[in-house]
Amino acid sequence: MRRKAFAALLLIVMLLLTSAAGGPFENEAAAQPDIHIVVRGTELNLSTPAFIENRKTVVPLREISEALGAEVSYQSGPGDKQMITLKHDDRTASLTIGSAEMTANAKLIRLEAPARLHRDVTMVPLRAISEALGAVVAWDAAQRIVTIDDPLELPTIGSEEKLLQLMESISNQNRQNNKFGEAVEEKAMADGAQSAAATSAKSKNEGDYSQTNVQAGGVDEADWAKTDGRFVYQLSGLRILITDIANPAKPKLAATVEYAPEDGFAPQEIYVDDKRLVVIGQHQASLPYDAVTGKADTSSGAMAEKRLFIPTRSTVKTLIYELNEAGQPKLVRETEQEGSYSSSRKIGSALYIVTNKYNYSYQLYDMSKNGGDAASEQQPALSFEPVYRDSAVSSEQKSLPLDSIRYFPESPDTNMMLVGAIDLDAADQPLQVSAYLGSGQTIYASEKHLYVAIAKYEADGQQKTQIHKFRLDQGSIVYIGEGTVPGTILNQFSIDEHEGYFRIALTNGDMWATGDAGSTNNLYVLDEKLNTVGKLEGLASGERIYSVRFMGSRAYMVTFRNVDPLFAIDLANPMKPAVLGQLKIPGYSDYLHPYDENHIIGFGKETIELPAKGMGADATMAFYQGMKIALFDVSDVSHPKEKFKEVIGDRGTNSELLQNHKALLFSKEKGLLAFPVELLKIKNKEKLKPSDSPAYGEFTYQGAYVYGIDLKKGFTLRGRITHLTADDLAKSGQYGYDYNKTVRRILYAGNTLYTLSDHMLKANDLASLKESGSLTYPAKPSGSTVYPDGPQVMPMPIAIQ
């Protein structure tokens, strides 16, 4: 008993001593190497050392608030807990001691490292506080340095003289590089269509229904069709169809939104959440002559000359509808920004829309400076300045002046990128539009950042990719910086962000050339400031990238020319990426999708290799055949294996999935894999005559292929679902059919699988695939825009200045 009492007493004393010394909080900090905090170029001398908790740097509140120039106030919060409020300019941040939540500029943010007290010192998460107050934070892991700076500001155009100078400079540079750029582009087109490799992301929404297959977790992407489990929303020409699927045996239309052709609006993609429908589409409007020239000239010669240059104005409209319990939409807001639709992302309630404005105005501008009686009265800046509109503010369009338009230095593009940002939950927050000379050719977004990649061809033939980084800030954007790497990317899935590092895979050179001009495939790792910190170069010389899949600390890359090497790449140490293993097999994968951390599904084409006549005795050439799906086992990354494969159809068989990752339906939990297929088959193969190239098949089927998938049996074709009747198939030609009945998306809700085309919705039991119901969509009604009974849903009229 005495020994037990003594042991208990000793334990109490040790705990008291540990507490007096600072407890595990201080011990954890003391066990870590020093972290240096540099604010606007000055290193802070902290009274209490910074340390990392849950991968977040924690620092004393007083020192960091003073360094940032923030005012700090204290209040008593719920449960007598201390609440802290920081203010800097028009930004505020409020957090409570011990709470894992912070309110920043009226938005709730989850903290991985909550604020807490230690010996009367308030310790706070450095990045969360700094970014909430508008600063830019970067972490150098190698040097253990955190730098905090004000956002970078790109230069503005400012004046018509500067505009002319920039446009002339870019045009001259492009003329020098044009021959090389065109050659590369033509060769890339000859190589085949672009591919897409996407990652699956777990939905944050509850409910047993499918989500759009997106690239990054927490970042929604617009699509042709969506479901919320209660309704199916889809495009069909100039209509939005909303179908009630409460009873799968009898699906019925809840509402249809019609857009009149004469209005010039064509819907392209939609978002859906639990309370709203967002429709994004392209709008075309003819400009009056004086909108471009600033002068009306009625003489026939002048009018004929001006008509050669009078464009239409292309804008992207975003229509925001509230949804009621019956699935009927009510238009509550409309935004508009000039340009052609490039891409968009939705993160929570924040929506970001990227458009590219073609600047045809330079020719007019040049003409106005070099002749013509009306030169002094012409206003070329009017046609260059982009327009935008937000119905929450005004029904009139506004233009963004030259002193608000920024440009990417050394950009090869005379077009303009516009980023529209809006918080859908904040009705009083207007659309924020930022414009940059230099279009956004490829867009990637994580939950926190937007990356814009721009291809650049140098006069000496070198290929480069410029990367511009923006922070996504709850309905606004903040420019972070720029980086450059050699080569060109395939698509948005060639780039990725993971734990603060930016990873990018590129092909550099021409796969058909030899020597130094030949192609290599490379991967680069960039830090938060977009400085290259790691690289892996020289993969698969003479080939090009067909798909890339980043999975945490690994990357998988498919290259191709005659065979398909699948590379497994280790990125655990960002400074030293390395090849772990590779697999060479016939065929190639256009699209890679994760099954789990040790298995990947590849979608692409099977190939055969035949002698290439006239190219040497040993020369061969690969020809694609039917569609191929394969399950790769990367449990032993040094020796990847093709565990199962399935070939669908013959040469010419295709799927939208090979060009668009959103066409895939996959659920590991349900053992479900489905995608649309256009099937071509060769009839009477035994009668084919020898040929230098394989024969194409004839069209025989279009519809959804539904597979079971697991690691024991691989792919099991459970069935096919088509919207084509036997009569449709009988009337189809060798390559064509009724395209209105093309199955484009496959969704599930509850125990029902839904296939969608412009023509109909079909419901099948998920377990048996037996048809349970269908809905053939009606033709466009006359005299009504929404049916059955419901509110009139039409976009607002557009006023063009």
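Trainee: How do you know that S50 and S51 count as paired strands?

Mentor: Five bridges join S50 to S51. Two strands are called paired if at least two bridges are found between them, so S50 and S51 pass the test. The two run antiparallel. Keep in mind that this is a predicted model.

Trainee: Which residue in S51 stands opposite Thr752?

Mentor: That is Asp765.

Trainee: What makes S49 and S52 edge strands?

Mentor: The open sheet has four strands in the order S49-S50-S51-S52, with antiparallel pairing. Strand S49 (745-749) and strand S52 (771-776) each have a single partner strand, so one side of each has no neighbour in the sheet. On average, neighbouring strands here are turned by 20 degrees against each other, direction ignored.

Trainee: Where is Ser757, and why is it called buried?

Mentor: Ser757 sits in the loop between strand S50 (752-756) and strand S51 (760-765). Its relative accessibility is 0%. Buried means under 20%, so Ser757 qualifies. Among the residues that Ser757 touches are Trp224, Gln234, Asn740 and Tyr777, leaving aside those up to four places away in sequence.

Trainee: What makes the pair Ser757 and His723 a polar contact?

Mentor: The side chains of Ser757 and His723 make this contact at 2.8 Å. The cut-off is a pair of N or O atoms within 3.5 Å, where one must be able to donate a hydrogen and the other to accept it. The value of 2.8 Å is therefore inside the limit.

Trainee: Is Leu530 buried or exposed, and how do you know?

Mentor: Its relative accessibility is 4%. The limit for buried is under 20%, so Leu530 counts as buried.

Trainee: Which residues touch the most other members of the largest nonpolar core?

Mentor: They are Phe408, Met417, Ile467, Phe470, Phe502, Ile504 and Leu526, out of 34 residues in that core. Several strands each supply at least two residues, including strand S27 (416-423), strand S31 (463-472) and strand S34 (501-508). The largest share, five residues, comes from S30. In soluble globular proteins, nonpolar side chains tend to be buried together.

Trainee: Which residues does Phe502 touch?

Mentor: Leaving out residues up to four places away in sequence, Phe502 touches Tyr451, Ile467, Ile495, Asp496, Tyr524, Val525, Leu526 and Leu530. There is also a second, separate core of 33 residues, which includes Leu253, Val257, Leu277 and Val279.

Trainee: Which residues are buried in helix H3?

Mentor: In H3 (residues 61-68), these are Leu61, Glu63, Ile64, Ser65 and Leu68. Just after H3 comes Gly69, with a positive phi of about 75 degrees.

Trainee: How many helices and strands does the protein have, and what share of its residues count as buried?

Mentor: It has 10 helices and 52 strands. Of its 801 residues, 54% count as buried. The accessible surface comes to about 35900 Å², of which 50% belongs to carbon and sulfur atoms.

Conventions
Residues are numbered from 1 along each chain as its sequence is written. This is a predicted model: local features need pLDDT of at least 70, side-chain atom pairs count only at pLDDT 80 or more; totals for chains, interfaces and linings use all residues. Side-chain values use heavy atoms; hydrogens and water are left out. Buried means under 20% relative accessible area, exposed over 50%, partly exposed in between (1.4 Å probe, protein chains only). A nonpolar core is a set of buried Ala, Val, Leu, Ile, Met, Phe, Trp, Tyr and Cys residues joined through side-chain atoms within 4.5 Å. Contact means heavy atoms within 4.5 Å. Accessible areas come from the Shrake-Rupley method with a 1.4 Å probe; for residues, only the protein chains shown count as cover. Axes are lines fitted to C-alpha atoms, for helices over the stretch in contact, and angles run from 0 to 180 degrees between N-to-C directions.
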